[in-house]
Structure formats: C-alpha cells, structure tokens
Amino acid sequence: MNNSNIASKNISTPRHESEFRKKCRAVWFKTKAFFDGNPPAIVGGFLMTVILLGALFAPVLATHNPDKRVARPHVAPNSEYILGTTRNGRDVYSQVLQGARKTLSVAIFAGIIATVIAVSVGVTSGYFGGKIDEWMNFATNVFLVFPQLPLLIVLAAFLGQVSSVVIAVLLGVTSWPWGARVIRSQTLAIRNKEFIISAEVMGESKIRIIMVEILPNLISIVFGGFLGTVIYAMGAEAALGFLGLGDATEVSWGSMLYWAQTSSSLYTGAWWEMLVPAIALALTGGALALINMSIDQISNPKLRTGPHMKIWKKMHKEADRSRGLL
Amino acid sequence: MKSPLLEINNLCVDYVSPNGIARAVNNVSLTIAPGETLGIAGESGCGKSTLAFAITRLHKAPGVIPEGEIFYNDRDILKMSDKELRNFRWNDVSIVFQSAMNSLNPVITIGEQITDVILAHKKVTYKEAVAKGKELLEIVGIHGDRLSSFSHQLSGGMRQRVVIAIALALEPKLIIMDEPTTALDVVVEREILNELYDLKEKFGFSILFISHDLSLMGEIADRIGVMYAGNLIEIGDAKTVFNNPSHPYTKGLLASFPTIHGPKERLHGIPGDPVNLLKLPVGCNFQARCSECVAICKKMVPALDELRPGYKAACHKL
Amino acid sequence: METIKTPEVVLSVKHLLKDFPIGKSSGKKSFMRAVNDVSFDLCKGEALAIVGESGSGKSTGARVLMRIYDKTGGDISFKGQPLDKFVKQHGSLEYARQVQMIFQDPFGSLNPVHSIFHHIARPLLIHKRANKKNIERVVYGLLELVGLLPVVETAQKYPHELSGGQRQRVAIARALAVDPKVILADEPISMLDVSVRLEILNLMSDLKNKHGISFMYITHDIATARYFAEKTAVMYVGHMVEWGDSDKVTQTPQHPYTQLLLSAVPKAGKSGRRELEAKKGEIPMWKPDTKGCPFSARCPRVLDCCSESFPEVTQIADDHFIRCHNL
C-alpha cells in the first residue's frame, strides 16, 4: 500500500484554506464571541481602551505641560484646569495623562518580564520533569518567598532613587513564581496526554512540541497571569512612588501621590491632587481585573453568565411557579 | 396489582446552553414496582443519567424541568418543598453514581462518610451510627475494621461496595444505580453483582439500573427500557426486549455486542453517530441511522404505543 | 492442494521483562515488575489480541514495543532483525513509522488547538510521505479511507467538533498516513459508544485484510478479542498465561484464569448469584524476585509447586498454549 493509491482520485480538490488564514478568521470570531453577552469583558475592555488611548495620546490630549508650573497652586477644578492644579501649580489633568504613560509602561514591562520567565520555567519543568523539574522547583520556591515590596523598598533606599526601568525589572524578576507554578501544573496535565506521546513517537523535536503542541493550549492562563502581574506591578510602582522611592522628578501616578501626600493636599482641602491619581489607579486595576475575569469565563464555560443563563432563570422560575413552589 | 413505587409521567428535562435549548429527556413515562429492577439502556446523550438526576432533583443549572410529574408513593417529587426533599432523599431514594471512586471524599475515612449520612438523617448517637456503619460494611462483604480506612487504601471494587453500603444506609425503597460497574474489571463486576443479588433478596428494594451494557441488563433486570436522544423508545420485560426486540435501534444495539459463544460472523453496529440534541430532525430522532426508515419517519415523531400488555415501543413500522 | 504458507513474522518478542522503580526502601531502590517473561509472535496481516484486566501489564508491553519505555530484559525483533540493530541501521524515526499506536482515549489523542488536517498532514510531512503539492490529496484520501465524509469539511474541523468515534477514525487515519506494518491498538474502542464500536473494529479488520497490516489489539473485553483477532493471549499481572488461536482459547479455555474471566461475563437470562470458582483476592504487585505463579493465591486448582515456580509452556493443541502446573 502506498499513498498514491490512497490519494483520492474522485474528489476534486477545492482551494483548501491555508492554515494561517483559517487561524486569523478563528481569532476574529473568538474575539467577537469573547465580548458577546459578557458584561465584564465589555466594561473592562471599554475602560482599558479609553485608558490606553489616553496614555498613548497624552501629549496631544494634555492641555498644559505637565512638568511646568502653569497656574497658582491648588486651584480647584474649573474650565481651564479640568482637574485642578497641584501644590506646585501644575495641571493635574495633564499630569495624570503623562503619568499613565510611565505607570502603565512600567507595569506592562514588568508583566512581560515576569510572564516570559514564568512560561520558560513552568513549561520546561513541566515538560522535562526529573532533575530539571527539581531544580526549577527549588528556584521557584526561593523566589516565591521573597518579600517583594519590602525588598524593593530596601533596594530603592539602598540605591537612592531608582529609575523606573530598574523598578520594572525588579518587579518582573520577583513576581514570576506564582505564574510559573500554575503553568507547570497545566503543562504536566497536558504532557501526559496521548497527543503529546503521539507527537514524540512520531519524531517531532522537543522544541517544536513545546512551542506548537503545548503552548497554544496554555494561552488563556498565560494571558491571565500576565494581566494579574500587570495589576500587581502597577500597584507596586504606585506604592514605591508614593513612598518617595521612585524618581520623584518624573511624572507618574505614584509620584503624583507622593507630591500630594507631602503637600498635605487632603488636609488643606485640595482633594483633587490626591484623588485623581488614586481613582486612575483604581479604574485601571478594575478594568484589568474585569478582563481577567472574562477570560476565566471562556476557559471555564460553567462560569458563563451569558444571555442563556437569563433564559434558564426564567424557565426555572416558571417551572417552579407552575408547581406551586414559589 | 400493586400500585407502583415510582411513577414518572411525561417528564421533560431541558438544558439551556449558549447554542440553544437541548431537550435531554423528552416526554418520558414509566413506572417502577416495589422490588422490581428496571434497567434503562442507552448510549451517551440519550438522557438516562439526566433522568436519574431528575428523579432525585439533583439537576443543576442550566438544567430545568419544564413539564412532568414524578410520583413516589403518590407524592409528586417535583412539588416537594426543600424540607420534604431532604427527608425524601436517601431515606426513600438513594443513588450510586458512575464514578464511585470519585464520590468518596479522599480526605476523610469511609467510616466518617457513612456515619455522616446516618447522623444527617436519623436522630441516633454517634456510637449507634458507628455500629450501624460496621453492620453495613459487613453486609457488602467488607471487614468492619475498614471503617477507619481512607478511600485510596481500598481497591476499585471495594470502593464501589462502600458506595453501595452508603446508599443502603437508611434502607431506601429505591436505589438508582448509574453505570455502577462500567469502570470495573469483569471479575470484580461479578462480585459486585453477587452482592447485589444478596442485598436485593434481603432488603427487597427496587433498582433503577442504568447502563449501556445490554447483556448485563438482560441478566439482572426484570424489565428493560431503551432510550435514544431523550426519548424512551422501547420498554418491556427483559427477556422479550433482549431476545425479540421491536425497535430498530434496540435491534441495532443488541447486534453491536459480539458474543463469546456463537457463530463468528461480521456484525454491524449502527452506522452514523449519536444525534446532536441541539439539531434534532423533524420526525423520528433515529431516522438518519435507521435501516427501516420510511417517509413518515421524517415527518412525525412516533408515539410510544402499547404493542401488548406491559410492552411498548415507539416506531412507525409497528 | 493448497500449500501451507509459513506466515511471515513481523514482530517477535521473547521473554520480555519490564521493571519500574517504586521508590527506595532501606536505602536500596525497589522495583515492581510490570511485564514478566512475555513471548509472542505477530505475523503479517494478522491480529493478536492481548486480553487482561487492569494491572495485567498489557498497556505497558505495548509501550515498550513502541519504545516509549525501554525494556529491562528480553529480545524484540522486527522483521527478523533485533530491534536495536534495526534502529541503529534505519533510525528510530523509521521504526516509529512502521510501528504505530492508537490510544484508548479519543479525547486525549488529538490536540484541541490543531485542525484535523494538521493532525494528518504532520506525520506525512515528517516522514516525507507527501510534499506540499500533493499533501491535500493524500490527506483527503486518508479521510475517505477511514470513512470520514465529507472529507474537505471534516479536515477543516477541530477535535471538539467531532464525536468520539470520529476522533478515533482520525487517529486511525493518522496512524495509516505513514504506511505502517504494525498498529498497536490500546483499548481503541472501550471509551466509545456501543453502537460505534463495531464500525471501528470493522474498519480495523478491513485494513488488516486489505492492506496486510498486523494489529496488536489490547482489550479487557474477551468477546471483541474473539471477534476481531485470529490469535488471543491472556495476561495476568504481567504474565502471559494462555494463548493461541482465538476460538480455541475462548471456547475451550484451559487456564483457570481464562476460565474465571469467561465465567464472570454477564449472561442475559441467567439471573441470580453466580459463584466464581476462584477465590476472592487482590491483584498482587509483582517484584523481580517474586517467585511462583501470580494466580496461585486465587486458583481453585492450586498445588504446592505453584508458589515456587512459574510454570513452563505446555502445548495443549495445535496453536493453543498454556502455562500451568495443574493440567
């Protein structure tokens, strides 16, 4: 038996869609389905888009130069200074836009570093097992018990003022263990499935198996971990800035909080100086958390709260009512 | 004629999914007499497990029971309040699940699990509950000392026996068994069946036995009902259903089991795949796979007609 | 007069052993023996069924033959050549091509993120059985061969859109893609719906008869073993206790374990308690230094010598062998 006999003679071969185009279409449909009947995704996605656009177009959207003194100190929000001014007479609105750039870039950079390390460690130890797994587990446990924020504070205090790049790297390098753990256990679960054994016996190289067979199955948890790390890094950066350990001359949400604190803005009644960056942080964190939640819903259909659940509730109520249980 | 222990009338169970509403159980009516073993046969997706869950009202969202009545000794289970339901469950009806290995809590001893059940329903002292637990284990053929074992210390067959012991704890009149021996080796299955025969003789409970193994049902059931895609398509006494089935699906199902003794000939299962409950055809659900399909099968759903007393089948050709 | 053709032996196993480490006790590593002294021959175009309960070592044996595990002892020859020599000469890829495996779980044997086309095209490309120009034709041809119509539609689907039976057909198509000589089928139908099982068995039967592929069919169901395979071997705790022509083994079993298996099977119409001849017992864990016959603890015909040595092979009839002290 050889394949030319098997190759079908009767079937005219139509244009078979290339794998890549099919994947693109699949991704588009999946994204659409993601938002469909998924309130957390819609709200979170909308908020996040607004925030990201604001950060991206900060120089265009800002009304004043955030670094320069443009008015009298502690001017209440009015038509010219939409969110008021700081103790130093700087426009809060422009600052919050500019600060978004700094804070978000640090958070995202830290998230990327952490995710890359987590995936590398998790997949390697899950796939190869044995001694490699033992050593990686050991490293994970060591990094897991690092008290991140105190470590950062000590480091920052030690090194004087730390630039945001250093903060991003430090945050990334200390927050990967959690994700690595989760990815490792998921990899273990997939690794022993027959399609992996099949691929190995078929002669696929180990790298290809990891990249093509295992990783695509992990996308949702990797992405979820990434978002979680971004939220955490954002908070940590703000905390460091608030404590004055970041670069106070650069505008970020953390440094805005720092200046608001040192100028006792709440005490003097200039609530806008403190509240604006705080609300910005809360909104961004909330938006990311909502998106994270909606990713959970996709990977675990039982958590779905789509329109079909409303239909179910209605039917259930009707059934109970007709039986006199209500 | 004794009044039936369990009477199900026109039961419908729906599952609401993002892709539509799937009718898992469609207009099923049947009865179980006291002391009788009724077997329900069918493959995955036919609704037999859903039926079992519905009887004990264990179905969870997104399952809903829009129509139907289930009478247990003249009380409609579907109309029971939570308090009545709690009394009803395990006292009157208990259930043995398919993967009994997983129904046992791995972090507490089996003794605790048995006494938990007893104490939850009866007002007895802890000592009395433990004594009863020991008794139950001995009844299913396990040494009483194993009350202090954990489930992972027992073999698969022993775990299944523990689950049966728990099901018997309050001496219910009806035990629902959902594929209790499917995951077990044939020798262990035989031992469990032997236990079941003894227990039935001793306690006289009815069994609703759900399985896909027709020869097993042919052995232990008094009556057999066959389900396909949510409908009950044949029901009657076990001997006739097994040796002389009327419905094409039952015939095909029986022909899917190669025998050990008997002529060696090429058999055919049933061509095609089980029907998708979200895309049911107009007319009989079995039409796509039926070798005896005619024009009317594609238009009208066949009704479950009584062919002779106590024997019903739903097919246009009968 | 027909000349009797000596069947061509494709895969030959002699005295196969496989041990697994189970941790250390008192400093020394201890092992459990999953496969003990198993020998059989697999001929071209023939099916051999390995029947046994859980823990019988049947799946482990298949995985050793697939080179997923290394053997601890014994000899394996493929096409007359010792396995190690064959692999050295032709490469492990070539062996993997000629000896394929189908797994039990249709849901686990396909990667959920890849299309069916990808699953079948991949082995074709790796083993250079097709090139970019004719790959589509070959894939569609394979899908047609296993009965997955319409082929173009099916090729573009993803595993979760197919039923269990359909997935198993894809697994068979994937195994066939590389033109194997032997297919090891590890309980291929036990997780499928009953009405679908026979179709898969019939498909495998056709492939065996029309294309001369040898099958090793692992199952716990002795009825399907008899239906599908010409030869049957019964295993208990890693030992092969009875083997030979399927009809002889299933109709006139001689070994007490085979007799136990056959008597335990449910028989419609024969309701009531059925005592088994064998005593109730737990399946023992075999260690390399354990002696005797594994069934001795439960055997109704046990003798003193049964706990001392594992019996030698006795030939009862033409193509019917057994290992028992008490015949």
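## Reading a predicted model, one feature at a time

Analyst: Let's start with one residue in this predicted model. Leaving aside residues up to four places away in sequence, C:A171 touches C:I102, C:F103, C:P106 and C:S109.

User: Where does C:A171 lie, and is C:A171 buried or exposed?

Analyst: C:A171 sits in helix 7 (residues 164-176) of chain C. For burial, you count C-beta neighbours, and 20 or more within 10 Å means buried. C:A171 has 27 inside 10 Å, so it counts as buried. Also, C:P188 is 17 residues away from C:A171 in sequence, with 9.7 Å between their C-alpha atoms.

User: How do I read the packing angle of helix 3 and helix 5 of chain A?

Analyst: Angles of 65 to 115 degrees count as roughly perpendicular. Here helix 3 (residues 39-56) and helix 5 (residues 92-128) of chain A pack at about 105°, their axes 7 Å apart, which makes the two roughly perpendicular.

User: Which residues meet there?

Analyst: From helix 3 of chain A come A:I51, A:G54 and A:A55, and they meet A:L97, A:A100, A:R101 and A:L104 of helix 5. By class, that contact has 5 nonpolar, 1 polar and 1 charged residues.

User: What about the contact of chain B with chain A, how many residues does it take?

Analyst: Chain B gives 11 residues and chain A gives 12. On the chain B side, strand 1 (6-17) and strand 4 (63-72) each give two or more. That side divides into 8 nonpolar, 1 polar and 2 charged residues.

User: Where does pLDDT stay under 50 in chain A?

Analyst: Over residues 1-14. Chain A has a mean pLDDT of 82, with 89% of its residues at 70 or more.

Methods. Residues are numbered from 1 along each chain as its sequence is written. Chains are lettered from A and ligands numbered from 1 in the order in which they are written. This is a predicted model: local features need pLDDT of at least 70, side-chain atom pairs count only at pLDDT 80 or more; totals for chains, interfaces and linings use all residues. Two residues are in contact if their C-beta atoms, placed from the backbone, lie within 7 Å. Helices (H or I, at least four residues) and strands (E, at least two) are DSSP runs, numbered from the N terminus. Ala, Val, Leu, Ile, Met, Phe, Trp, Tyr, Cys and Pro count as nonpolar, Asp, Glu, Lys and Arg as charged, and the others, Gly among them, as polar. pLDDT is the predictor's confidence in each residue, from 0 to 100. A residue is buried if 20 or more other C-beta atoms lie within 10 Å of its own, exposed if 12 or fewer, and partly exposed in between; C-beta atoms are placed from the backbone. Axes are lines fitted to C-alpha atoms, for helices over the stretch in contact, and angles run from 0 to 180 degrees between N-to-C directions. Angles under 35 degrees count as roughly parallel, over 145 as roughly antiparallel, 65 to 115 as roughly perpendicular and the rest as oblique.
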